[in-house]
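Dear colleague,

I am passing this structure on to you, and below it you will find a short account of what came out of looking through it. Please read the notes with the structure open beside them.

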Amino acid sequence: MTHPTALRACCDAEDRHKPVTAAHHAFIDFARQVAILEDSISAMQWIAACKKRRA
């Protein structure tokens with residue numbers, strides 16, 4: 001999935017030509033493909049570890 005394809009899916013959902021879930025899946029697929037999607041559990045563990053080191 002490319003950025004323009006994901007963006008088009010989002011615009012189509014905004015214009016009500018596609019369901020919001022289609023835009024959501026397109027965005028997630030794009031984010032995974034370009035490795036910018038962070039696993040929320042891993043992120044929370046990293047944040048907690050940083051806070052622990054500061055204390």
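Predicted model: local features only at pLDDT ≥ 70, side-chain atom pairs only at ≥ 80, totals over all residues.

Helix 2 itself has 14 residues and spans 20 Å from its first C-alpha to its last, which is close to the 20 Å expected at 1.5 Å a residue. Helix 2 is followed by A35, a residue with a positive phi, near 60 degrees.

As for how the two helices are placed, the axes of helix 1 (residues 3-14) and helix 2 (residues 20-33) come within 8 Å and cross at roughly 160 degrees. Since angles over 145 degrees count as roughly antiparallel, helix 1 is therefore roughly antiparallel to helix 2. The crossing of helix 1 and helix 2 is left-handed. To this contact helix 1 contributes H3, A6, A9, C10 and A13, while helix 2 contributes V20, A22, A23, A26, F27 and F30.

D12 counts as buried because its relative accessibility is 13%, and the cut-off for buried is under 20%. Leaving aside residues up to four places away in sequence, D12 touches H17 and K18.

With kind regards

Terms used
Residues numbered from 1 in each chain as written. Heavy atoms only, no water. Axes fitted to C-alpha atoms, helices over the stretch in contact; angles between N-to-C directions. Helix = DSSP H or I, 4+ residues; strand = E, 2+ residues; numbered from the N terminus. Parallel < 35°, antiparallel > 145°, perpendicular 65-115°, else oblique. Left-handed = near helix turned anticlockwise from the far one by under 90°. Contact = heavy atoms within 4.5 Å. Expected span 1.5 Å × (residues − 1). Buried < 20%, exposed > 50% of the residue type's maximum accessible area, 1.4 Å probe, protein only.
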